Structures are given as structure tokens and as C-alpha cells.
Amino acid sequence: MLVFILKQMKPMSKILFSDFDGTLFFKEGFHQEDIEAIQTFQEAGNKFALCTGRPLGGVLALMEGKIKPDYYVLCTGGLVLDKDYHVVYGQEIPFYLVKEVCQKYENETITGPHCLDKDYLYFAHVPSDAPSYIKQFDSIDEFKDRKIYSFSLIESKRAKEITDEINKYYPSLHAFQNVNAIDVVKKGCSKGQGILKLEELINDETAGIGDSYNDLEMFKVVEHSFTFKTSPKDIQQQTSFVVSSVKEAIEILKED
């Protein structure tokens with residue numbers, strides 16, 4: 001009975017789920033005002049969580065000394081971790097499917113399998129000036145004995161078409177378009193589903209911020225949704241607020 005009453009009480013704190021690329025991290029890096037706003041938000045007793053298509057190895061090195069999330073919804077919802085990197089929820093993709101799809105589109109995309117790895121973000125082709133956390137692999141077979149929670153096909157001129165093809169011909173997979181990239185997870189996974197799995201453990205008022213189509217599932221499950229003035233109009237129409245920065249979103253949440 002006490003648990004039921006507590007569940008019915010208005011949450012005392014808030015949690016903000018944030019997309020990474022184009023929302024929190026840009027070509028020029030992080031915006032200092034966003035970092036400071038997140039830190040102040042957490043110091044007030046609230047929580048901050050990443051909600052991204054990237055795996056853990058694709059964010060840790062970049063955030064070191066800047067941002068310490070309370071939770072990680074990674075791999076487009078295929079993997080959810082707590083602040084100590086313990087698995088809260090995970091859905092693996094069978095290796096044969098990863099291999100088949102990656103080989104099918106290898107001539108028009110750059111492929112990258114996503115595992116639970118703190119140190120590296122893997123890609124089939126890596127430029128010589130890439131940061132040290134990005135590691136090249138020679139064959140997809142190197143991952144046959146590893147747990148793969150998602151994979152990406154990036155920089156394709158046919159991103160939307162490839163996304164539609166994967167969703168049509170691979171019923172056990174779900175592909176999400178992210179501008180010129182395609183993020184692929186096991187069917188049933190999404191940023192929204194990852195958040196719902198985490199909500200089974202927390203009792204916070206929820207908010208989410210993102211900039212692209214793969215964030216729409218996140219917007220559907222949070223209480224307050226934010227996107228940017230630079231986002232496509234059809235995305236803006238599906239959010240509660242249109243803002244200029246993560247900092248502005250946090251300021252609105254603090255006033256609510």
C-alpha cells in the first residue's frame with residue numbers, strides 16, 4: 001500500500017533525457033553554458049540522462065570531466081545503463097543479421113557495430129585524423145562472439161530509402177533514420193522504449209530533448225518534450241517546446 005501511495009505522489013525531482021549529436025554535442029564540441037546548466041540541474045537534486053544512438057564508447061571520452069549522466073539510454077534504446085555502467089536493460093541483435101545488413105550496404109555506407117565497450121567506437125573505415133577513441137575493424141567477423149546492441153550505417157545519400165528497406169525486408173529489426181545515418185536495433189527497441197524500461201525503476205518527472213526523427217519515440221513517452229528552432233518543422237510540431245539550447249530547456253523545466 002505504501003509503495004502504491006508513493007507512486008501516486010507528484011515526483012520530487014525531474015529527469016532530462018538528452019540526445020547527443022546535434023543536441024548536446026556539435027562540430028565545435030559542447031557548449032559551456034549547457035554543461036553548466038546540466039551541472040546546476042543535477043546539484044538541485046534532478047537527474048540527467050543521455051538518450052542517443054551512440055554506444056558507451058562513443059560518448060565517454062568526449063564527456064570526461066564535463067558531464068556525468070545519471071543514466072544512459074544508448075544504442076537507440078537497445079541498451080540502458082545506470083551511472084556505474086551496470087546494465088538495466090539490453091536487447092542483443094543476432095550476429096548473422098548484423099553481418100548480412102552491413103555487407104549489403106557496405107559500398108554506400110560506413111558500418112559500425114555497437115557493443116558494451118567503454119573505450120572505443122568501432123567503424124569499418126576511420127580517417128587518419130580521427131580521435132583515438134574511434135577504432136577501425138578489418139572484418140565484421142571480429143564481432144561474432146560479442147554482444148551487439150545496435151549498429152549504424154552512416155553518411156549515405158539514400159538514408160531514408162535504406163531505412164525503409166531494412167524495415168520492410170528485416171521484420172526482426174527496426175531502423176531509424178538520423179539525417180544521413182541509419183541506426184538499427186532489434187525490433188521493439190527505440191529511445192522511447194528504453195526510457196519506459198528505466199521508468200520502471202525511477203519516479204521522476206520526465207523530459208526529453210532532441211533534434212531529429214529518431215527522437216520522436218522519445219517525445220511520445222516523456223511529459224515535457226523539447227526540440228530546436230533549427231529542427232525540421234514536422235518535428236517541432238510534435239514537441240511541447242521549441243528552444244535554442246539545452247540550457248534554455250533546463251530553465252523552462254526549473255520554472256515548471
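This report walks through some rings, strands and helices of a predicted model.

## Aromatic rings that meet

Let's begin with the aromatic side chains. The structure holds eight aromatic pairs. One of them joins phenylalanine 20 and phenylalanine 30: their ring centres are 5.9 Å apart and their planes meet at 80 degrees, so this pair is edge-to-face. Where do the two residues sit? Phenylalanine 20 is in the loop between strand 1 (14-18) and strand 2 (25-26), while phenylalanine 30 belongs to strand 3 (residues 29-30), so the pair ties together parts that are ten residues apart in sequence. Phenylalanine 20 and phenylalanine 30 are both buried.

Phenylalanine 30 has another ring partner, phenylalanine 25. Here the centres are 5.1 Å apart and the planes lie at 65 degrees, so this pair is edge-to-face too. Phenylalanine 25 is buried, with a relative accessible area of 17%, and for phenylalanine 30 the value is 14%.

Elsewhere in the chain, Tyr120, Tyr122, Phe137 and Phe143 form one aromatic cluster.

## Strand 5 and its two partners

Are the faces of strand 5 (residues 71-74) covered or exposed? Both are covered: Tyr71 and Val73 are buried on one side, and Tyr72 and Leu74 are buried on the other.

Strand 5 pairs with strand 4 (residues 47-51) in the parallel sense, over three bridges. In this pairing, alanine 49 has tyrosine 71 of strand 5 as its bridge partner. Strand 5 also pairs with strand 6 (residues 79-82), this time in the antiparallel sense and over four bridges. There, tyrosine 72 stands opposite leucine 81 of strand 6. Strand 5 and strand 6 make a hairpin with four residues between them, and in its turn cysteine 75 has a positive phi of about 50 degrees.

## A buried threonine in a loop

Now look at threonine 109, which is found in the loop between helix 4 (95-104) and strand 8 (110-114). Is this residue buried or exposed? Threonine 109 is buried, with a relative accessible area of 6%.

What surrounds threonine 109? Apart from neighbours within four places in sequence, threonine 109 is in contact with Leu153, Ile154, Ser156 and Ile162. Take leucine 153: this residue is 44 residues away from threonine 109 along the chain, yet their C-alpha atoms are separated by 5.4 Å. The side chain of threonine 109 also reaches the backbone oxygen of tyrosine 105, at 2.8 Å.

Which residues of helix 5 (residues 159-169) are buried? They are Ala159, Ile162, Thr163, Glu165 and Ile166. These residues cover an arc of only 165 degrees around the axis, which puts them on the same side of helix 5. On the other side of helix 5, Lys160 and Lys168 are exposed. The buried residues pack against helix 4, strand 11 (150-154), strand 12 (173-178) and strand 13 (181-186).

Strand 13 is itself mostly covered, with five of its six residues buried. Strand 11 and strand 13 run antiparallel and are joined by four bridges; in strand 13, aspartate 183 stands opposite serine 152. Strand 12 and strand 13 also pair in the antiparallel sense, over six bridges.

## The buried side of helix 9

Our last stop is helix 9 (residues 246-255), where Val246, Ala249, Ile250 and Leu253 are buried. They cover an arc of only 100 degrees around the axis, which puts them on the same side of helix 9.

What covers these buried residues? The cover includes strand 1, helix 2 (32-43), strand 14 (205-209), strand 15 (224-228) and strand 16 (241-243).

Technical notes. Residues numbered from 1 in each chain as written. Predicted model: local features only at pLDDT ≥ 70, side-chain atom pairs only at ≥ 80, totals over all residues. Heavy atoms only, no water. Phe/Tyr/Trp six-rings, centres within 6.5 Å; stacked < 30°, edge-to-face > 60°. Helix = DSSP H or I, 4+ residues; strand = E, 2+ residues; numbered from the N terminus. Buried < 20%, exposed > 50% of the residue type's maximum accessible area, 1.4 Å probe, protein only. Pairing = 2+ DSSP bridges. Contact = heavy atoms within 4.5 Å. Polar contact = N/O pair within 3.5 Å; in protein donor to acceptor, adjacent residues only side chain to side chain. Arc of directions from axis to C-beta.
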